[in-house]
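Hi,

Here is the structure I promised to pass on. Please have a look at it first; my notes on what turned up follow below.

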Amino acid sequence: MSIFRDAGHLFRLAGVYLAGTLTFLVIRAAVVPHSFGQYGHYRGAAIAEIAAKPLHYAGHQTCEICHSDIARTKAAGMHAHVNCEACHGPLAKHAADPSIDPGKPDVATLCVRCHAASAARPKSFPQVDAEQHAGGVPCNTCHQPHNPAIAAAGGSK
Amino acid sequence: MNITRRHLMLLLPAAAVAWESVLAGTPEASPNYTMTGHWWGMLIDIPKCIGCGNCVRACQAENDVPDGFFRTWVERYHVDDWNLANPQVISPDGGKEGFPSVAEDPDGKYFFVPKLCNQCADSPCTQVCPVGATFISPDGVVLVDQKYCMGCAYCVQACPYGCRYIHPQKRVADKCTLCYHRITKGLTTACCEVCPTGARQLADLKNPNDPIHAFLKTHSVQVLKPQMATGAKVFYNQLDGSVR
């Protein structure tokens, strides 16, 4: 009997704890982002935000919708697996609005980026010493970039 | 029914919990992409890399990476035939404009190693974040919540591969997202899109039809720093022992 005699202050203490817990929960609900913890210890909404960033490279599938003729030329040659934007650069804007001029890539810098002879490159990869090979003549005089074999070119394009 | 003070005290916490779940909302429905259906990684076929730097330029253009910082870069290794422990490594401007030509070295070898975030399944970078701003997504991509990041750079120090940096304008951590905005739309990453030789290939390890599975079964494949047990998901074919 005597142990319950002064139990009142224990209930008051419990009340204080409860009020503290409630305050914590309310503040937590107010300041923690709503999607925090949705998938783990981070803001779940961040995933959708990152996924919504704009594209700069349209992807060759998009290019080939309109430029199916080039895709066919390319598929027949050694550049079959070189995607359009590898040389032409990021063209998502051109894909969204075809009136935007994509510009022509500069063969003087472009071809040698891959094909300049270097012992660091794989032996099986076609390489040339550009000066010795062409003597300053632009590559696309003989090699049509979409199908670079000379037999396929039949002149320049 | 009368609500006594006692009832109210019992009800309030329950109400607070319920209110919190209301605030959390329902997960966003994405009709074309199921996060749990993918587990992303990448395959790097070293014998195919020609060091053209297309991937570095594409990454900078696609992701607005500031000059002098890299989400992906290419290194050129030069190893004397007997001196595996001391490779000479260069990466001029991340290999963005390619590499100077070299003549054949009769006593050594040259090769290129493209680097990027290894999208580790057990990444040290996500473990050290004090605020939960970096994480691995349910589809296996290590991402940074740049609204939540406070730029303490713990993760930059924690990454064993040096793949993170503090963005000089935003002052928050930045890194390769494996072009998350592209792969969730069914496209490949910008670096893989422009790689002329197929040295880089995006891989979905949860897709049984992905060619990565046949490749892993039939080739000698390695990850970088396997001793760190980071669960790296960027697989290198024919990786030389000198590569750090």
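Let me start where the two chains meet. Across the interface of chain B and chain A, 14 residue pairs are in polar contact, both residues being at pLDDT 80 or more. A polar contact here is a pair of N or O atoms within 3.5 Å; within protein, one must be able to donate a hydrogen and the other to accept it, and residues adjacent in sequence count only if both atoms are side-chain atoms. On the chain B side, the elements that each supply at least two residues to the face touching chain A are α1 (5-24), α2 (54-63), β4 (108-116), β5 (134-136), β6 (142-144), α5 (180-183) and α6 (190-194). Helices (H or I, at least four residues) and strands (E, at least two) are DSSP runs, numbered from the N terminus. The top contributor to that side of chain B is α1(B), with seven residues. By type, the residues of this side divide into 34 nonpolar, nine polar and 14 charged.

A word on the ground rules. This is a predicted model, in which local features need pLDDT of at least 70 and side-chain atom pairs count only at pLDDT 80 or more, while totals for chains, interfaces and linings use all residues. Residues are numbered from 1 along each chain as its sequence is written, chains are lettered from A and ligands numbered from 1 in the order in which they are written, and side-chain values use heavy atoms, with hydrogens and water left out.

Back to the interface: 57 residues of chain B are in contact (heavy atoms within 4.5 Å) with 45 residues of chain A. The area buried between the two chains is about 4,300 Å², and carbon and sulfur atoms give 61% of it; buried area is the accessible area (1.4 Å probe) that two parts lose on being put together, summed over both.

Next, the salt bridges, each a side-chain nitrogen of Lys or Arg within 4 Å of a carboxyl oxygen of Asp or Glu. One salt bridge pairs Glu104(B) with Lys123(A), at 3.7 Å from N to O. Another pairs Glu49(A) with Lys147(B), at 3.5 Å from N to O. Glu49(A) sits in helix α2 (residues 45-51) of chain A and Lys147(B) in the loop between β6 and α4 (154-158) of chain B, so this pair joins two chains. Glu49(A) is partly exposed, at 31% relative accessible area, and Lys147(B) is exposed, at 63%. (Buried means under 20% relative accessible area, exposed over 50%, partly exposed in between, with a 1.4 Å probe and protein chains only.)

Within chain B, Asp174(B) and Arg71(B) form a salt bridge at 2.9 Å, N to O. Asp174(B) is in strand β8 (residues 173-174) and Arg71(B) in the loop between α2 and β2 (72-80), so the pair ties together parts that are 103 residues apart in sequence. Both Asp174(B) and Arg71(B) are buried. Salt bridges that share partners also join Arg43(A), Glu49(A), Asp145(B) and Lys147(B) into one network.

Glu62(B) and Arg182(B) form a salt bridge too, with their closest N and O atoms 3.4 Å apart. This pair links distant parts of the chain, helix α2 and helix α5 of chain B, 120 residues apart. Both Glu62(B) and Arg182(B) are buried.

Asn54(B) is also found in helix α2 of chain B, and it is buried, at 8% relative accessibility. Its side chain makes a polar contact of 2.3 Å with that of Arg57(B). Leaving aside neighbours within four places in sequence, Asn54(B) is in contact with Ala86(A), Val194(B) and Pro196(B).

Finally, two backbone details. Ala229(B), a residue other than glycine, has a positive phi near 50 degrees; Ala229(B) lies in the loop between β10 (221-222) and β11 (234-237) of chain B. Gln238(B), not a glycine either, has a positive phi of about 55 degrees, and its place is in the segment after β11 of chain B. Ala229(B) is exposed, at 57% relative accessibility, and Gln238(B) is exposed, at 53%.

Best wishes

Conventions:
Nonpolar A, V, L, I, M, F, W, Y, C, P; charged D, E, K, R; others polar.
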